[in-house]
Amino acid sequence: DGELITTDQVQIIVQPAPGNTAPTVNAGPDQTITIASQAVLDGTVTDDGLPIPSTITSTWSFVSGPGTVTFQNANAVDTQASFSAVGSYVLQLAASDGLLSGSDPIQITVQAANTAPTVNAGPDLAVFLPAQAVLNATVTDDGLPSPPSLLTTWSMVSGPGTVTFLNVNAVDTQASF
């Protein structure tokens, strides 16, 4: 204050600047889709901001699988992918800060899409009353959903009278008119 002096000390620890670390990448959870659908890829990328200036680039890529993969935008962290065949695929999201890079895989299981059963009621028939028509049909199905639950039912579409089926739910049965 002009007449007296007082002092105090402060300790300062100088540490080296933090070093650049690779971007942290998360490709999201594994998924199961049908072949008719697209996988919604919802990745995340975080970085430490180094080096300065920092520019993060990201890329989705195909690692393995039974067919081809088409990305809606392979350079977007969030995108969609479609697949050419059923099976198990591994995709990878990678990101780089220009010096270091990181990546994360994701597994996509592509299943067949359920399709309607194929039905053939058999050839047209002519019968004379009181004879019965022997109905010999074929039904095929893709086995989906799993476990499959296939139900068949005969019904009259048109005609002048009534029809009675021996077993309305059997693929092969008899009809009385």
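**Strand pairing, overall dimensions and aromatic pairs**

Strand β11 and strand β14 (residues 172–176) are paired in the antiparallel sense over four bridges, where pairing requires that DSSP finds at least two bridges between two strands. The model is predicted: local features need pLDDT of at least 70, side-chain atom pairs count only at pLDDT 80 or more, and totals for chains, interfaces and linings use all residues. Residues are numbered from 1 along each chain as its sequence is written, and side-chain values use heavy atoms, with hydrogens and water left out.

The pairing of β11 with β14 belongs to an open sheet of three strands, ordered β11-β14-β13, with antiparallel pairing. In general, the strands of a sheet pair through backbone hydrogen bonds, either parallel or antiparallel.

Over the chain as a whole, the secondary structure comprises 14 strands and zero helices; helices (H or I, at least four residues) and strands (E, at least two) are DSSP runs, numbered from the N terminus. Along the principal axes, the C-alpha atoms fill a box of roughly 135 × 35 × 25 Å.

Of the 177 residues in the chain, 21% are buried, that is, under 20% relative accessible area with a 1.4 Å probe, protein chains only. The chain exposes about 12200 Å², of which carbon and sulfur atoms supply 56%; the areas come from the Shrake-Rupley method with a 1.4 Å probe. Among contacts (heavy atoms within 4.5 Å) with a separation of 6 or more, 54% are between residues 24 or more positions apart.

Three aromatic pairs are found in the whole structure. Rings of Phe, Tyr and Trp (its six-membered ring) pair if their centres lie within 6.5 Å; planes under 30 degrees apart count as stacked, over 60 as edge-to-face and the rest as tilted. The ring centres of F83 and Y89 are 4.7 Å apart and their planes lie at 55°, so this pair is tilted. Both F83 and Y89 are buried. W154 and F165 form a stacked pair, with 6.1 Å centre to centre and 25° between the planes. This pair links distant parts of the chain, eleven residues apart: W154 lies in the loop between β12 (138–140) and β13, and F165 in strand β13. W154 and F165 are both buried. Ring pairs also link F62, F83 and Y89 into a cluster.

Methods:
Buried means under 20% relative accessible area, exposed over 50%, partly exposed in between (1.4 Å probe, protein chains only).
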